[in-house]
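Work through the exercises below with the sequence and the model side by side. Try each task before you read its solution.

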Amino acid sequence: MKINLKSLLFNTLVPIMISFIIAMLIPSYQSYYESLNVPLRLPPIAFIIAWLIIYILIGLGAYLIENNQKLSEKETSKVLRLYYLNLLINFSYTIVAFWIRSITLATVIIFVLLHLTILVTYKFYKINKVSGLLFIPYILWMILANYIQLGIYFLN
C-alpha cells in the first residue's frame, strides 16, 4: 500500500491542531476545572498526553478508511462523515464544558460522544479491523471521561 502523505498528515494533525486552538481560546479553563468537585482528579498533563495519543491513533484509523481501495467513494464518504461528526461533537464538549461552563449539557454531550465513538469504531472495524482497533483507547478514555463528567454533574 502506497502511503498518501497528504491524507496521513491531514487525518493525524488536523484534530491535534484544532484541539490546541480550542484550548488556547478558552480562558482559564484549568482554574475552572480545578474549582470543580470531581470524582477523580487527573493531572493536566494526563489529558494532554492521552488526547495526543488518541488523536494520532484515530487519525491513523481514519487514514486507513479514507485510503481503503475496497470501498466506493460513496461508502468511504458516508463512514468518514460519521467520524467527522464524532470529532465535531468531541470538540464541542470542550467548548461547552470549559467556555460555556454548562455541566448538564457537557454531561449529555459526553454520553452521546461515548455511544457515537462505539458506533464509529464498529463501522471502521467492519471495513478494516486495524482501523477499528485503533479506536479502542478512545473508547476507554470516553468511559473514563463519562465517569468523571457524571461525577462533576452529581458533585456540583
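A residue counts as buried when its relative accessible area is under 20%, as exposed when that area is over 50%, and as partly exposed in between. The model used here is a predicted one.

**Exercise 1.** Describe the overall fold of the protein, and decide whether its radius of gyration agrees with that of a compact globule.

Solution. Begin with the secondary structure, which comes to seven helices and zero strands, so that the order of elements from the N terminus on reads α-α-α-α-α-α-α by the DSSP assignment. Next, take the dimensions: the C-alpha trace spans about 50 × 25 × 20 Å along its principal axes. Then compare the radius of gyration, for which a compact globule of 156 residues would give a value near 15 Å, while the protein has 16 Å, and this agrees. Finally, consider the contacts with a separation of 6 or more, of which 80% are between residues 24 or more positions apart.

**Exercise 2.** Classify the ring pair of Tyr33 and Phe98, and then the pair of Trp51 and Tyr138, and state where each residue lies.

Solution. The structure holds 16 aromatic pairs, and two of them are treated here. For Tyr33 and Phe98, the ring centres are 6.2 Å apart and the planes stand at 65 degrees; because planes over 60 degrees apart count as edge-to-face, this pair is edge-to-face. Tyr33 belongs to helix α2 (residues 29-35) and Phe98 to helix α4, so the pair ties together parts that are 65 residues apart in sequence. Both Tyr33 and Phe98 are buried.

For Trp51 and Tyr138, the centres are 5.9 Å apart and the planes stand at 70 degrees, so this pair is edge-to-face. Trp51 sits in helix α3 (residues 44-66) and Tyr138 in helix α7 (residues 136-155), 87 residues apart, and the pair thus links distant parts of the chain.

**Exercise 3.** Is Leu25 buried or exposed, and to which surface feature does Leu25 belong?

Solution. Locate Leu25 in helix α1 (residues 5-25). The relative accessible area of Leu25 is 63%, and Leu25 is therefore exposed. Leu25 is one of the residues of a nonpolar surface patch, which also includes Ile3, Met17 and Phe20, and whose members together have about 950 Å² of accessible area.

**Exercise 4.** Where does Arg101 lie, and what is the value of its phi angle?

Solution. Arg101 is found in the loop between α4 (73-100) and α5 (103-127). The phi angle of Arg101 is near 65 degrees, which is a positive value in a residue other than glycine. With 36% relative accessibility, Arg101 counts as partly exposed.

Key:
Residues numbered from 1 in each chain as written. Predicted model: local features only at pLDDT ≥ 70, side-chain atom pairs only at ≥ 80, totals over all residues. Heavy atoms only, no water. Helix = DSSP H or I, 4+ residues; strand = E, 2+ residues; numbered from the N terminus. Buried < 20%, exposed > 50% of the residue type's maximum accessible area, 1.4 Å probe, protein only. Patch = residues over 30% accessible without salt bridge, like charges linked within 9 Å, V, L, I, M, F, W, Y side chains within 5 Å. Areas by Shrake-Rupley, 256 points an atom, 1.4 Å probe, with all protein chains shown as cover. Salt bridge = Lys/Arg side-chain N within 4 Å of Asp/Glu carboxyl O. Rg over C-alpha atoms; globule rule 2.2 N^0.38 Å. Contact = heavy atoms within 4.5 Å. Phe/Tyr/Trp six-rings, centres within 6.5 Å; stacked < 30°, edge-to-face > 60°.
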